[in-house]
Structures are given as C-alpha cells and as structure tokens.
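This briefing goes through one protein chain by topic. Please look at the sequence and the structure below before reading on.

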Amino acid sequence: MTIGEATMKGEAPIFVLGSFVAACSVKVDRLPRPGESLRANAFVLEAGGKGFNCAVGLRRLGAAVDGLFAVGEDLFAALAERA
C-alpha cells in the first residue's frame, strides 16, 4: 500500500516535529577549484529545514501531514508563515 492509498483510507496521519530555516544558496557557472572564489550569478532564498523538507516531501507523495516547527524571530521568520 502506498502512502497516498493509506492516507485516503485514513490510516496514515503523519505528524512531523522539526525545524524551519531559510535556506540561502547561490548559483555559479562551475564548481570552484581548491582555494578559488567564484562570483555568483544568482541568489536563492527558499523555505527549508530537515523537518519542513520531510513534511513537504510526504505531502507531495499524497500523505496527510501536520506538524509543529520551531521558527525563530529573525527577519526570515515571515518566510515560514507563507510556507
């Protein structure tokens, strides 16, 4: 039985207890060589965190997911409200 099938039967409620972070990354044209710095051509800010990512992945597989996530009080906390 898949996660989606079990959820549709009400057999697989999943509760995730975890963290939420603002994942910051940059895109470069290639991997740097040892000791080399590269100029980034893009900056990406997105929702993340181990628990949050697991919850999103399970939901995308069709599971009914609920959770409780630790969210800080910094400038990125508002990102959690939209996620």
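How many helices and strands make up the secondary structure of the chain? The model is predicted, and its chain has three helices and four strands. Their order along the sequence is α-β-β-β-α-β-α.

**Chain as a whole**

- The chain has 83 residues, and 17% of them are buried.

**Cysteines**

- The count of disulfides is zero, where a disulfide would need two cysteine sulfur atoms within 2.5 Å.
- Cysteine 24 is partly exposed, at 45% relative accessibility.
- Cysteine 54 is partly exposed too, with a relative accessible area of 46%.

**Aromatic pairs**

- The whole structure contains two aromatic pairs.
- One of them joins phenylalanine 20 and phenylalanine 52, with ring centres 5.2 Å apart. Why is this pair edge-to-face? The planes of the two rings stand at 85°, and an angle over 60 degrees counts as edge-to-face.
- Phenylalanine 20 sits in the loop between strand E1 (14-19) and strand E2 (21-27), while phenylalanine 52 belongs to helix H2 (residues 50-60), so this pair ties together parts that are 32 residues apart in sequence.
- Both of these residues fall under the 20% limit for buried residues: phenylalanine 20 has 11% relative accessibility, and phenylalanine 52 has 14%.
- Phenylalanine 52 also pairs with phenylalanine 69, again edge-to-face, at 6.1 Å centre to centre and with 75° between the planes.
- Because phenylalanine 52 lies in helix H2 and phenylalanine 69 in strand E4 (residues 65-70), the pair ties together parts that are 17 residues apart in sequence.
- Is phenylalanine 69 buried or partly exposed? Its relative accessible area is 26%, so phenylalanine 69 is partly exposed.
- Phe20, Phe52 and Phe69 together form one aromatic cluster.

**Nonpolar surface patch**

- Which residues form a nonpolar patch on the surface? The patch consists of Val26, Val28, Phe43, Leu45 and Phe76.
- Together these residues have about 450 Å² of accessible area.
- Valine 26, one of the patch residues, is in strand E2.

**Isoleucine 14**

- Isoleucine 14 is found in strand E1.
- With a relative accessible area of 23%, isoleucine 14 is partly exposed, since buried means under 20%.
- Leaving out residues up to four places away in sequence, isoleucine 14 touches Leu58, Ala63, Ala64, Val65 and Asp66.
- Isoleucine 14 and glycine 67 are 53 residues apart in sequence, and the distance between them is 8.0 Å from C-alpha to C-alpha.

Technical notes: Residues are numbered from 1 along each chain as its sequence is written. This is a predicted model: local features need pLDDT of at least 70, side-chain atom pairs count only at pLDDT 80 or more; totals for chains, interfaces and linings use all residues. Side-chain values use heavy atoms; hydrogens and water are left out. Helices (H or I, at least four residues) and strands (E, at least two) are DSSP runs, numbered from the N terminus. Buried means under 20% relative accessible area, exposed over 50%, partly exposed in between (1.4 Å probe, protein chains only). Rings of Phe, Tyr and Trp (its six-membered ring) pair if their centres lie within 6.5 Å; planes under 30 degrees apart count as stacked, over 60 as edge-to-face and the rest as tilted. Patches are made of residues with over 30% relative accessible area and no salt bridge: like charges are joined within 9 Å, nonpolar side chains (Val, Leu, Ile, Met, Phe, Trp, Tyr) within 5 Å. Accessible areas come from the Shrake-Rupley method with a 1.4 Å probe; for residues, only the protein chains shown count as cover. A salt bridge is a side-chain nitrogen of Lys or Arg within 4 Å of a carboxyl oxygen of Asp or Glu. Contact means heavy atoms within 4.5 Å.
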